[in-house]
Amino acid sequence: MVKCEICGSSDFENWYSGGVVRGNWQKGEAWDVIRCRTCRHGVIHPAPTAEKLNEYYSAGYDPYDSDHGLAEDMTAVVRAAKAAGEYRYVRIAPGMRILDVGCGGGSFLAVCRALGADIFGVEPSDDGVATCQKAGIPVFHGNLTAFLDSTDQTFDLITTNHVVEHHPEPTALIHEMTSLLAPGGEIYIAVPNADCFFSRKLKARWHSSDLPVHLQHFSEPSLRRLVEGSGLTIKSLRTISENSLPNSAAQYLRAAFMI
């Protein structure tokens with residue numbers, strides 16, 4: 001019997017089956033996604049093995065690039081962040097101790113460092129760590145569980161930008177992050193909204209379905225349950241669409257016209 005990682009329900013429905021949507025990934029494989037009827041959380045079932053997933057987390061995986069997520073050059077991004085007093089919707093203050101979990105190539109931390117924050121990253125991939133080290137970004141090579149065993153540090157802000165959907169046990173991950181918070185600290189979580197219009201219409205062809213590396217497919221109710229079930233209070237929960245809209249619209253048009 002399958003049990004929902006988020007709410008504990010065993011009431012699932014078959015949602016969709018599909019292959020990869022990234023153009024540079026191998027084709028010909030398909031995965032089944034099921035969805036909890038109680039909290040609308042989706043999950044790949046059965047989950048890919050670690051060996052299978054390693055085939056996709058290669059040196060060519062976009063988040064390992066030093067400029068991943070930067071819409072402009074670093075100077076312009078930092079200038080805009082200073083003017084706004086925040087970056088990626090998070091307040092960044094000089095001297096703030098920031099931990100980025102699953103930091104990839106460190107582009108987010110590089111901007112935070114330019115804003116005066118005291119930064120540190122956790123990243124399991126060899127390629128992501130190598131990119132961070134080249135940029136002089138302090139990083140722990142391993143997962144968050146191993147980092148917890150190696151440190152007594154706490155942080156004012158812990159960020160996880162499009163990482164939780166990759167994790168096989170998101171509840172355990174949130175608990176680990178919570179244990180690293182300084183008093184009054186905050187956690188910032190960004191995940192794709194798998195209950196959005198384009199996801200409902202496109203299913204496996206939605207660009208952020210990102211099979212097979214996205215093991216978890218969050219709705220607003222399931223993300224809320226995850227956070228509140230970990231003993232945290234939600235300060236803000238919102239959906240931001242400006243970056244994903246062009247890709248989603250393109251996929252929608254391709255599906256509509258069978259391109």
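Helices (H or I, at least four residues) and strands (E, at least two) are DSSP runs, numbered from the N terminus. This is a predicted model: local features need pLDDT of at least 70, side-chain atom pairs count only at pLDDT 80 or more, and totals for chains, interfaces and linings use all residues. Residues are numbered from 1 along each chain as its sequence is written, and side-chain values use heavy atoms, with hydrogens and water left out.

**Whole chain.** Colour by burial. Of the 259 residues, 46% count as buried (under 20% relative accessible area; exposed is over 50%, partly exposed in between; 1.4 Å probe, protein chains only). Now show contacts, meaning heavy atoms within 4.5 Å. Among those between residues at least 6 apart in sequence, 64% join residues at least 24 apart.

**The sheet.** Select β8, β7, β6, β9 and β10, in that order. These five strands form an open sheet with parallel pairing; two strands pair if DSSP finds at least two bridges between them. At the edges are β8 (139-141) and β10 (181-190), each pairing on one side only. Neighbouring strands here are turned by 20° against each other on average, direction ignored. Axes are lines fitted to C-alpha atoms, for helices over the stretch in contact, and angles run from 0 to 180 degrees between N-to-C directions.

Zoom to β9 (residues 155-161). Six bridges join β9 to β10. Pick Thr-160: Ile-189 in β10 stands opposite.

**Helices on the sheet.** Helix α4 lies across β7 and β8, at about 155° to β8. Next, α6 (residues 170-179). Helix α6 lies across β6 (97-101), β9 and β10, at about 145° to β10.

**Aromatic pairs.** Show the rings of Phe, Tyr and Trp (its six-membered ring): they pair if their centres lie within 6.5 Å, and planes under 30 degrees apart count as stacked, over 60 as edge-to-face, the rest as tilted. The count is seven pairs. Select Phe-120 and Phe-147: stacked, 5.6 Å centre to centre, 25° between the planes. Phe-120 lies in β7 (residues 118-123) and Phe-147 in α5 (residues 144-150), so the pair ties together parts 27 residues apart in sequence. Both are buried. Go on to Phe-197 and Phe-198: edge-to-face, 5.2 Å and 75°. Phe-197 is partly exposed at 39%, while Phe-198 is buried at 16%.

Finally, ring pairs link Phe-120, Phe-140, Phe-147 and Phe-155 into a cluster.
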